[in-house]
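User: I am new to this structure and would like a guided look at it. Could we go through it piece by piece?

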Amino acid sequence: MRVSKEQAAKNRERILTAASRLIRERGISGAGVDATTLNSNTVKLCRTSDGSPVAAVLNTSGGGDAIVLTPTSLLDANTNYTFQVTSGLKDTSGASFAPY
């Protein structure tokens with residue numbers, strides 16, 4: 001099912017808002033994301049209903065203070081997604097992220 005550009009923009013904004021909130025709550029204390037540990041095994045976006053992973057490009061912000069996940073195709077409308085981070089993701093000090 002294809003979604004409109006407007007819905008895709010809303011989906012992206014919801015993902016970024018949720019990811020930013022989680023990072024602020026649990027995330028980084030004085031160190032940035034170690035980009036060498038940022039991959040599809042350590043950060044995922046999955047369809048909540050069946051756990052199916054969403055193909056995405058992963059990156060960090062310029063300062064390494066945020067995880068940027070950009071789906072490679074439009075997300076389905078009226079569908080819940082879960083953003084996941086594993087302990088395999090590390091910050092630049094070598095500390096693991098708390099899984100969520």
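**A conversation about the structure**

Analyst: Let us begin with Asn11: apart from its neighbours within four places in sequence, Asn11 is in contact with Leu75 and Asp76. Please bear in mind throughout that this is a predicted model.

User: Where is Asn11, and is it buried or exposed?

Analyst: Asn11 is located in helix H1. Its relative accessibility is 2%, so Asn11 counts as buried, the limit being under 20%.

User: What is the confidence like in the protein chain?

Analyst: The average pLDDT of the protein chain is 87, and 94% of the residues score at least 70. Confidence is lowest in H1, where the mean is 79, and highest in E1, where it is 96.

User: Why should one look at such scores?

Analyst: Where pLDDT is low, the predicted coordinates should not be read in detail.

User: Let us step back. Which elements does the protein chain have, and in what order?

Analyst: There are 1 helix and 4 strands in the protein chain. Read from the N terminus on, the elements run α-β-β-β-β.

User: How compact is the protein chain?

Analyst: Its radius of gyration is 14 Å, close to the 13 Å that the globule rule gives for 100 residues, so the protein chain is as compact as a globular protein of that length. Along the principal axes, the C-alpha atoms of the protein chain fill a box of roughly 40 × 25 × 20 Å.

User: And how much of the protein chain is buried?

Analyst: Of the 100 residues in the protein chain, 31% are buried. The protein chain exposes about 6,000 Å², of which carbon and sulfur atoms supply 49%.

User: What share of the contacts joins residues 24 or more positions apart?

Analyst: Taking the contacts with a separation of 6 or more, 62% are between residues 24 or more positions apart.

User: Now the inside. Which residues of the largest nonpolar core touch the most other members?

Analyst: That core has 18 residues, and those touching the most other members are Val43, Leu45, Ile67, Phe83, Val85 and Leu89. At least two residues of this core come from each of helix H1 (5-26), strand E1 (43-47), strand E3 (67-71) and strand E4 (81-85). H1 gives the largest share, 4 residues.

User: What is Leu89 in contact with?

Analyst: With neighbours within four places in sequence set aside, the contacts of Leu89 include Val33, Asp34, Thr37, Leu38, Val43 and Ile67. Ala95, Ser96 and Phe97 are also among the contacts of Leu89.

User: What else does Leu38 touch?

Analyst: Again leaving out neighbours within four places in sequence, Leu38 is in contact with Val43, Leu58, Asn59, Thr60, Ile67 and Leu89.

User: On to the strands. How do E2 and E3 pair?

Analyst: Strand E2 (residues 56-60) and E3 pair in the antiparallel sense over 5 bridges. Thr60 stands opposite Ile67 in E3. The two strands, E2 and E3, form a hairpin with 6 residues between them, and Gly64 in the turn has a positive phi of about 70 degrees.

User: Which residues of E3 are on its covered face?

Analyst: Ile67, Leu69 and Pro71 are on the covered face of E3, whereas Val68 and Thr70 are on the uncovered one. In a regular strand the side chains alternate between the two faces of the sheet.

User: Which residue has a positive phi although it is not a glycine?

Analyst: Asn78 does, with a phi of about 55 degrees. Asn78 lies in the loop between E3 and E4, and at 83% relative accessibility Asn78 counts as exposed.

User: Finally, what can be said of Gly51 and Gly94?

Analyst: Gly51 is in the loop between E1 and E2 and is partly exposed, at a relative accessible area of 41%. Gly51 lies 31 residues from Thr82 in sequence and 8.3 Å from Thr82 in space, C-alpha to C-alpha. Gly94 is in the segment after E4 and is partly exposed as well, at 43%.

Notes: Residues are numbered from 1 along each chain as its sequence is written. This is a predicted model: local features need pLDDT of at least 70, side-chain atom pairs count only at pLDDT 80 or more; totals for chains, interfaces and linings use all residues. Side-chain values use heavy atoms; hydrogens and water are left out. A nonpolar core is a set of buried Ala, Val, Leu, Ile, Met, Phe, Trp, Tyr and Cys residues joined through side-chain atoms within 4.5 Å. Buried means under 20% relative accessible area, exposed over 50%, partly exposed in between (1.4 Å probe, protein chains only). Contact means heavy atoms within 4.5 Å. pLDDT is the predictor's confidence in each residue, from 0 to 100. The radius of gyration is taken over C-alpha atoms; the globule rule is 2.2 Å times the number of residues to the power 0.38. Accessible areas come from the Shrake-Rupley method with a 1.4 Å probe; for residues, only the protein chains shown count as cover. Two strands pair if DSSP finds at least two bridges between them.
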